[in-house]
Amino acid sequence: MEVATTTEISSQIRRDIIRMVTDVQSGHPGGSLGCTDFFTVLFFEIMNIDPTNFTIDGIGEDLFFLSNGHISPVYYSTLAHKGYFDKSELATFRKINSRLQGHPSPAKGLPGIRVATGSLGQGLSVAIGAALAKKLNGDENIVYSLHGDGELQEGQVWEAAMYAAGNKVDNIIATVDYNHKQIDGDIDDVLPMGDLAQKWEAFGWQVLEMDGHDHAAIKNTLQKAKSMCGNGKPVVIIMTTIMGKGVDFMMHTHKWHGSAPSEEQAEQALSQLEETLGDY
Amino acid sequence: MNKTFEIQDYKDTRSGFGAGLQELGKSHPNVVALCADLTGSLKMNAFQDENPDRFFQVGIAEANMMGLAAGLTIGGKIPFTGTFANFSTGRVYDQIRQSIAYSNKNVKICASHAGLTLGEDGATHQILEDIGLMKMLPNMTVISPCDYNETKAATIAIADYEGPVYLRFGRPKVPNFTDPNKKFEIGKAEILNEGKDVTIIATGHMVWKAIEAGKELLEKGINPEIINVHTIKPFDEKTVIESVNKTKCVVTAEEHMMNGGLGDTVAQTLAKNHPSPLEMVAVNDTFGESGKGEELLAKYHIDTADIVAAVQRVIQRK
């Protein structure tokens, strides 16, 4: 069987995102579409993971934490296509008795999820804690995390950033989804954050930047980030993305941060996204 | 009072925590400890000195500490966090709620300087709401031991219990009277004195106050049953109901706000199972202030005399 390319996988994940949020008329399509390329490359080309033998402890494998838990649709679709659970379960997203909660949680036992996120700003601390556990266990695998740019307005993120640099936690690669948008509008209108790269550098992190839609660039940058691990400093990647990427009317606006398209809009969106691996 | 209680010495419960943690350092290789710049106050120095690789100084950043602790469980560690009760609960409620309780992580939140007996630092630091905040969280176990020996035993016991725990203790030196060899059973209330006229249910520092009150009551011809509720959640309803079946009235005593505390839990239990007169000795909807611990207990009416008075009131209501 021919292995799907990351481009094909991304297209299917984007279809899944649109179908999931449309079905329940809720959820967060904008950031999900914007981070689809990152999720695809990270899970299918970078991370050392064992989807069929999922354990919370994840000893001997890489770990991933989604700090901006509201983009759960892209996370769930990626996990399903990677084999953590059957893709048919995506149809239960945000419905009663589902393991696919609105925001990710291990409470219902969904494989792939190790901690609850959604209330913003907490994931970096958890990821650093897991990285410390890996060091204590002599486990040389890496901890990855993803954060929204607006999420960096939460003070806890900077407590965690200060801790990791001050304590040489050098087995973590955090990525910031820099789409310049949050629910109420452009970041510069809500709360300007200045030069993000300089801020992380000032906190003692090694900073990389990448285009979050160029699969080759994502792969190269993540590999470079891996090569920078183990030298006494944590790594952050500032990833430029377009919220709503892949659906023309959803791009370049914060409108689709947390609202679902109508059936008609969904049809229009799906017509722009090729069904490559089969809809759930 | 049928039993006498001998004071072995006067010790702070936080030192019981420190001693328990030190033992865990030797016996439990997966136990790790985190502290937010209060290592001396929390008596965590011995663990730190003996296990530098398993001790994490996080600085004055309690939110991050709770997240780090949640993350450390992923990989099998058993993290014990240490700071004052105020900064262990109210300051980091959402971090505990999402990253620890909802995520059901095996974190032990160890909180010193709880209640009024923190003393001179005043109301900013004297949290009286922490038991309520923690007992409301699903998955959370809430433990409030009464003296040094019991705090040490509780610290050791929670390491072998899987799940989030809130362990509350205090600053002042108080009578140390429980059996140092007693095994700590999470969730099991302990009848300290069998009586028949009233059930006094106490937790934390107020357990010794209840014993003192019991001596005074006996001189007044009242024979109290005294129960030490060191585990507020899960609450030992059975022991309490059996006692109330006999005594027909209850007084609770705690160094905590009346709203949300042990008295609340007892009131629920009685209302559901055995409606009975109840008086609560607790702080009544007010903040504390600076002063010596004993002065504050007297001023805010959570002292021995207040337990005696509450017993006399509740017996009239039978």
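Modeller: Helices (H or I, at least four residues) and strands (E, at least two) are DSSP runs, numbered from the N terminus. Axes are lines fitted to C-alpha atoms, for helices over the stretch in contact, and angles run from 0 to 180 degrees between N-to-C directions. Contact means C-beta atoms, placed from the backbone, within 7 Å.

Bear in mind that this is a predicted model: local features need pLDDT of at least 70 and side-chain atom pairs count only at pLDDT 80 or more, while totals for chains, interfaces and linings use all residues. Residues are numbered from 1 along each chain as its sequence is written, with chains lettered from A and ligands numbered from 1 in the order in which they are written.

Now the sheet: it's open, with five strands in the order β9-β11-β10-β13-β14 (chain B) and mixed pairing, where a pair takes at least two DSSP bridges. At the edges, β9 (190-193) and β14 (278-283) of chain B each pair on one side only. Neighbouring strands are turned by 25° against each other on average, direction ignored.

Within the sheet, β10 (residues 198-202) and β11 (residues 224-228) of chain B run parallel, joined by five bridges. There, B:I200 stands opposite B:I226 in β11(B). Helix α8 (residues 206-219) of chain B packs on the sheet too, touching β9, β10, β11 and β13 (250-257) of chain B, and its direction makes about 155° with that of β10(B).

Notes: Two residues are in contact if their C-beta atoms, placed from the backbone, lie within 7 Å.
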